[in-house]
Amino acid sequence: MDLLQFLINILAAGIATGTPILFAMLGEILAERSGVLNLGVEGMMLMGAVSAFGVSHATGNVGLALLAGMLAAGALSLVHAFVAISLRADQVVSGLALTFLGTGLSAVIGAPLVIVREAVARIPALPIPMLSSIPVIGPILFQQNLVVYLGFILVPLLWFLIHHTRPGLHLRAVGEYPAAADALGINIIALRYLYVFLGGLLAGLGGGALSIAIDPGWLEGKTAGQGWIAVGLVIFAAWDPIRGAFGAYLFGVLRRLPLDLQNPLVPLISTANNPTLGRFLDMLPYLFTIVVLIIGSREALRKRLGAPAALGVPYVRGEK
Amino acid sequence: MADRVIRIEPRLETTRLASVIASVGGLMLALLIGAALLRAAGADPLAAYGAILREAFGTPADWAAGRFYGLSDTIVRATPILLTGLGVLLGFKMRLWNIGAEGQLFMGAWAATGIALFVLPKDTPKPLMLTTMALAGMLAGGLWALIPGALKAWLGVNEIITTLMLNYVAFQWISFFVVAGPWSERGFQLSPQFPESAWLPRLTDYAHRVPAFAGLTAHLGFVFGLVAAAALWLILYRSRWGYEIRVIGDNPQAARYAGMNLARNILLVMFISGALAGLAGMSEVAGVVHRLQDRFSPGYGFSGIIAAWLAKLNPWAILLTSLLFGGLLVGAKQLQPTGIAFMLQGVILFVVIGAEMLTRYRLVIARHQAVPGGLGVPAGLEITPTDPPTRGEG
């Protein structure tokens, strides 16, 4: 294996690995843009993952499975929406509660699924004709799983929605200056519910993409912190889908690195003879998230591009 | 229907009674919701709750016969929840979200293990050995928490994510040492056993004097928790520093104007918070397992967060809530699947923060014209436009 082949492999695998986080991060961007911080992404992803895997196991229909995963996570997000938006409880604590709830509930639901060993229907990979035969770029971008392409489509779509459409303008207004949005007749409560729910659907999509496409199977705590990483990436992304996509894919590469370096055929840097180094490489994605957060926070300070101004603040008409 | 409107209004004051009622009522409601979820998942909720109670606290017949195994096991499980809960509680008081108690606990356990196995000789006197282990555990947990603390204090980096990410790094760190690493015993995924000088005294060690103690594994770690609770209460409510912490939590702007040093307080609070979690780790390896294992904690650090919140951040009330969650863990151990304890904790936390809002706000049913309802909004759940503007809280 030459170095170029190794790089192609790891980039392709990294993009696939980063896709579930990408979905969850896009969802969190929408929720936070509307002014609602939802720290329950990890719990929602887990519910999405277990529901999608369970439905796929029961019916063999991957479309239905993905939908089930999205709806399960969406339902969970509405609990947070009710407590945080209508009851105006502390969003940090409510989000934490959501993660605990999702983690526990998914473990309870998923207990009989852990032992499933037979093949469960999964979303297939699909090389795109013509494009996939381009050297270097083809194998990296166009010989991927279907969900990866869905990610390629969603990123520019959401970017366009947020920055160049009327609903996007309303979304930003609700998150930046809800009182003004309210005066314009925008229904703030309804929009916040809507975007928290969309965020839940996307987190569920991320969970489903994980359990029936990218890394098929179910284990308790399957996401291993990916939901939290998605929340962290939102800050690095400066609430922008395109910037966030780079973060998610880069994260995917780092997550694949320990696995791919174990291959003794990798030139120069194989860890096949050095398993302890692998343990430290396993830390990389998490350390990377911290570094990325530092970068994001520094930049936010310098350029004054920061969180939506009303992030985490319940809206009460007449209160500032 | 058209002329009646339910409004949410802030209450002028929250009575202690109302807040206790909200907590207890919330707990009841949470148990009901939990029962519904258990039923949906195919389990028998009454049998499950009954089993939890029996396992965790024993039956009157057990008590009459002088058997307190259930209660003792509950105390064992409550100990790390209490210590980590006290740690995060201190942070939460100044709205510093340390979600990394689990990782800090592991680092504390790691440092204590290092002292017991590799630094001090086997025949070190017990008090010296245990004190050194406790200090090392606290130092390691505190320093681990100081990383996100420093990032927050000096660079303004969100501590929720960083504390959480460091959990995973800590798990890998322990794995590196214990799983086929330098501390692994003959390839098993655990360290060698500690010498007996590094075991925390347990009740059963005194069975020769009090026969009823025989077989009870509750250990000195719980006393650490009691002392820490008292110390925290003194700090928070009887010291100038505690006053600063509470002011910063309530109103950081005012605190800054009053000349309080935010960065210094963040660093101090994070260190103490992590140190308590580290002590929990030390007490767990020295009091229960007597060696370091991969993933020996079933999420004590997370349960501590919920226990702290359920206790309304009161250092005495957390004694009760950690015993409650300890009991839940002991009881749920017998149940399949194991996620039930975590699920119930999540439901409890949700319902309690929801119920808490009812103590701060009240529902007022008033006559009014129809108010347009929107998607997912309970009809009329808005302050009416005719209300005079009220001054914002923040």
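**Chains A and B: questions on terms and values**

Author: The secondary structure of chain A comprises 12 helices and two strands. The model is a predicted one. Along the sequence, chain A reads α-α-α-α-β-α-β-α-α-α-α-α-α-α.

Reader: How do you know that the radius of gyration of chain A agrees with that of a compact globule?

Author: The rule is 2.2 Å times the number of residues to the power 0.38. For 320 residues this gives a value near 20 Å, and chain A has 20 Å, so the two agree. Along the principal axes, the C-alpha atoms of chain A fill a box of roughly 65 × 45 × 40 Å.

Reader: What makes a residue of chain A count as buried, and what percentage of the chain does so?

Author: A residue is buried if 20 or more other C-beta atoms lie within 10 Å of its own. By that criterion, buried residues make up 54% of the 320 residues in chain A. In chain B, 48% of the 394 residues count as buried.

Reader: Which residues of helix 1 of chain B are buried, and against what do they pack?

Author: B:Ala22, B:Ser23, B:Gly26, B:Ala30, B:Gly34, B:Leu37 and B:Leu38 are buried. The buried residues of this helix pack against helix 4 (91-110) of chain A, together with helix 2 (45-57) and helix 14 (340-360) of chain B.

Reader: How do you know that the span of helix 1 of chain B is close to the expected one?

Author: The expected span is 1.5 Å times one less than the number of residues. Helix 1 (residues 16-40) of chain B has 25 residues, for which 36 Å is expected, and its reach from first C-alpha to last is 36 Å. Just after this helix, B:Gly42 takes a positive phi of about 95°.

Reader: Why is the crossing of helix 5 and helix 6 of chain B called right-handed?

Author: A crossing is called right-handed if the near helix is turned clockwise from the far one by less than a right angle; the crossing of these two helices of chain B is of that hand. Their axes come within 7 Å and cross at roughly 145°. The residues of this contact divide into 16 nonpolar, six polar and no charged.

Reader: What makes up the contact between chain A and chain B?

Author: The contact takes 51 residues from chain A and 51 residues from chain B. On the side of chain A, the elements giving two or more residues include helix 3 (62-86), helix 9 (188-214) and helix 12 (275-303). The residues of that side divide into 31 nonpolar, 11 polar and nine charged.

How values were computed
Residues numbered from 1 in each chain as written. Chains lettered and ligands numbered in written order. Predicted model: local features only at pLDDT ≥ 70, side-chain atom pairs only at ≥ 80, totals over all residues. Helix = DSSP H or I, 4+ residues; strand = E, 2+ residues; numbered from the N terminus. Buried ≥ 20, exposed ≤ 12 C-beta atoms within 10 Å, placed from the backbone. Contact = placed C-beta atoms within 7 Å. Nonpolar A, V, L, I, M, F, W, Y, C, P; charged D, E, K, R; others polar. Axes fitted to C-alpha atoms, helices over the stretch in contact; angles between N-to-C directions.
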